[in-house]
Amino acid sequence: MNKTDRQLAIMLELQRSKVVRAEDLAALYEISVRTIYRDIQALSEMGVPIFGAPGHGYSLMEGYFLPPIGFSAEEAVALLMGADFIEQRLDGDYARVAKAARSKIEAILPETVREESTRVRETMRLLNAGEPRTDLKEKDILGQVRRAILERRKISFSYKKKTPEADGNRKSTREVAPYGLAFAQGNWMLVGHCGLRQDIRHFRLSRMTELTVLDTPFAMPHGFNLNRYRPQDDRKEHVWVRANPEIADKIAETGSFYIESAEERENGLWVHLRVRAPEEILHLILSWGGDVEVMEPESLRCRVREEAEKMLKRY
C-alpha cells in the first residue's frame, strides 16, 4: 500500500471508529507507529480535523465526513457480487434492499468501470456457497429468525434431526435463544442456546417447521461474537475405511468435515474419519460404492451391510 492509499485508509478507519490508537493503526497497516504519526501530521496539514488525546488515540471532528469515493472495477465487483448473494439467499426484506443497493451502485459507476465490472461478474460465480434456494417457506423462516435475533426474543419450533434417537424418533420440539445465522455449504444454520440440551446447538433451517417467535426475551452472552465463535469439536468416535486408491481424488473432493486423514498403504487407501455417531456418515460411505470397505467400528459395517441388502432386494 503506497503512502496516499494508506492515508486515505486511515481517514476511512477514523470515520468508521470513534477513537483509534496509533498502535492499532500501525498493526492494521503493518507499519511503524512513527509512520502513523507522520501520516496523521500530513492529514492534519491538509485540513482534515483530527484530534489526538494522549493515552486514548485519534478521532475525527464530529460531523466531518469524507466526500464520495469512487470505486475501482474490482471494488465494484466485490460490492455487486455481495448484493447478488444477499438478494438470492436472504429473505424478502433484505432481498429488496440488496436489489435497490445494487441499482444505486451501478448508477454512480462511470461507464467504463460499470462495463468492466459487468464483464468480470459474468465470469464468476459463488459456487462454493451452494446453489440458491427457491424454498419460500425456508426464506420465511430465515426472516422470522433474523428478526428474533435482532429483537432478542426466543423462538420455538419443531426440528427433524438427521439421525434418529434410540427409539427411532427424529422429531422434537425446541425452545432456543437465537444468537446468529451462518450460511455453510449451501445451507442456513441457526446458532443458539437450546433449552432442551442446555447448551449452544446448531440447527439447519431446512429441518425447522412450526416456528413461533415468543415474547420471552433473552440476553446475549457477554462477549459472544459469531465471527469469533468456534463450536466445540465433539467428534469422539473413530471410523476407519479402506478404499481403492483409484478413488482417492473422489474422496478428497468431497471435502468432508469428518475426514481426518487418508494414507495409501500396500493393501489400499486407509481413510480415518472422526464423527459424533458412526451413522452420521452412512450416506457418505454408501456414496463411495463398492470401492470402499468399513474396517471399524463393527456397528457401522453392519449398517452398511443392512443398507446394501435393502438395495439388493429392490433391484
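**Cores, pocket and backbone details**

Setting aside neighbours within four places in sequence, Ile 281 is in contact (heavy atoms within 4.5 Å) with Val 239, Tyr 258, Leu 273, Val 275 and Leu 300. All of this comes from a predicted model, where local features need pLDDT of at least 70, side-chain atom pairs count only at pLDDT 80 or more, and totals for chains, interfaces and linings use all residues. Residues are numbered from 1 along each chain as its sequence is written, and side-chain values use heavy atoms, leaving out hydrogens and water.

Ile 281 also turns up, with Val 241, Leu 273 and Ile 285, among the residues with the most contacts inside the largest nonpolar core, a set of 19 residues. Such a core is made of buried Ala, Val, Leu, Ile, Met, Phe, Trp, Tyr and Cys residues joined through side-chain atoms within 4.5 Å; buried means under 20% relative accessible area, exposed over 50%, and partly exposed in between (1.4 Å probe, protein chains only). At least two residues of this core come from each of strand 8 (237-243), strand 10 (268-275), helix 9 (282-287), strand 11 (292-296) and helix 10 (298-314). Strand 10 puts in the largest share, four residues. Helices (H or I, at least four residues) and strands (E, at least two) are DSSP runs, numbered from the N terminus. A second, separate core has 18 residues, including Ile 149, Tyr 159, Leu 181 and Cys 194. Cys 194 counts as buried because its relative accessibility is 0%.

Then there is the largest pocket, which is lined by 39 residues; Met 189, His 202, Phe 257, Tyr 258 and Arg 276 lie nearest its centre. On a 1 Å grid over the protein atoms alone, a pocket is an open set of points where a 1.4 Å probe fits, with protein on both sides within 12 Å along at least five of seven lines, and lining residues have an atom within 4 Å of a point. Strand 6 gives the largest share of the lining, six residues.

A cis peptide bond joins Glu 296 and Pro 297, with omega about -5°, and Pro 297 sits in the loop between strand 11 and helix 10. Gln 198, not a glycine, has a positive phi of about 55°; Gln 198 lies in the loop between strand 5 and strand 6 and is exposed, with a relative accessible area of 58%. Glu 210, in strand 7 (residues 208-217), likewise has a positive phi, about 50°, without being a glycine.
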